[in-house]
Amino acid sequence: MSNLVAKRVSNYELFFDLVFVLAVSNLTGLLHGELTSKSFFTFIAANLVIMSIWIFETFYMNSFGERDLRDILTITALMFAVGNLSFHISTDYRAHALPFAFLVTISYGIIALQYVLRGRASSFTHEIKHAIRFMGSLTLIFALSCVAILSKFWFFNELSLLFFVAPIFLPLVSHRNYDQARIINFPHFLERLQLITIITFGETVVAILKTYQDNILIGGIFFFGMASLFFLYISQTFLNINHDQRVRVTLLSYVHNALLIGLNLFTVGIEAISNSHHRELGATFIIIGIAIFYLALMATSTYNQERYRLTLVGSLIYALWISLVSLTLYILREQFLPFIIFFLIAMVMSAWLFIYERQRRLKN
């Protein structure tokens, strides 16, 4: 054991997360109404853009943040930038291109500034210098994109979003230049991921209660099915994962990105299935969302305590269960009542199987 001391999550980080309530609401709003390939692509890309900013800020606060006046002022400014950025997530690319690019630039610029201020206050370590070069380069590149849009050199379209998604994948290369495991406080980083996931679950709760306020039975089915998903998530990330370890967290952040996208799709599906005209589409979103959620959750088992790690056979059984549930739900997608009843049974059974397997391993 490394006897790792967990870094406390500050109130300012919790305050920062509040703006993502607005962001999640605007993201799910992209898929309301008529679904097009453009709106679906924008939804996925915008999720990654917003979460990329959140993850880079979390990396800073985790490794170098001191919760002093420098951090308080910059994280508040970043919160304001991200909040305004969420209003420019739209399929009307031409109208929102410049403010979107500008606010992305400002967001990365604030994070770069945090590293500069921290280096001046303490010391410019190798890791801080690397982060300044990395975040500074992103800020400059996005600033140039603003110039290109303003000068009408770049005509913004849906494929342009890939340019703003790219930063989330760059750590696969750039972070090899230093020992990420040495500077990352794993329990703090995991807790931050848990908190942003809980916020996203909060949007699901609101969607269920608001959509089915006049039908408590249907609302109850979706609510307790969702609660089973939440139980599985917290049990896996709180009970099974080894919090006392020094490891790279790149995979953990990526699978949480996928998990949050799945949860958002699930939320949109629950809202859409209430409308008889969009019932099949809503069911499809629910199926895809659940499948992504379960697969991403399974991927976090890489960080589990040794006794709870999935074996190859266990992984295959897990994948088979996800496939059977998804296939059955797909077959029932046009039959509303059988669909939601099986949904609840499958979610509750998943939770029960988790409890059974965990208890079995605990005794061995």
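Helices (H or I, at least four residues) and strands (E, at least two) are taken here as DSSP runs, numbered from the N terminus. The model is predicted, so that local features need pLDDT of at least 70 and side-chain atom pairs count only at pLDDT 80 or more, while totals for chains, interfaces and linings use all residues. Residues are numbered from 1 along each chain as its sequence is written, and side-chain values use heavy atoms, with hydrogens and water left out.

**Exercise 1. Examine the backbone and the exposure of Arg67 and of Lys152.**

Step 1. Most residues other than glycine have a negative phi.

Step 2. Arg67, although not a glycine, has a positive phi of about 60 degrees; Arg67 is found in the loop between α3 (37-63) and α4 (69-85), and with a relative accessible area of 23% Arg67 is partly exposed.

Step 3. Lys152 is likewise not a glycine and has a positive phi of about 60 degrees; Lys152 lies in the loop between α6 (126-150) and α7 (161-165), and its relative accessibility of 60% makes Lys152 count as exposed.

**Exercise 2. Describe the chain as a whole, from its secondary structure to its contacts.**

Step 1. The chain contains 15 helices and zero strands.

Step 2. Its radius of gyration, taken over C-alpha atoms, is 21 Å, close to the 21 Å that the globule rule (2.2 Å times the number of residues to the power 0.38) gives for 364 residues, so the chain is as compact as a globular protein of that length.

Step 3. The C-alpha trace spans about 60 × 55 × 35 Å along its principal axes, and 52% of the 364 residues count as buried.

Step 4. Among contacts between residues at least 6 apart in sequence, 81% join residues at least 24 apart.

Note on methods: Buried < 20%, exposed > 50% of the residue type's maximum accessible area, 1.4 Å probe, protein only. Contact = heavy atoms within 4.5 Å.
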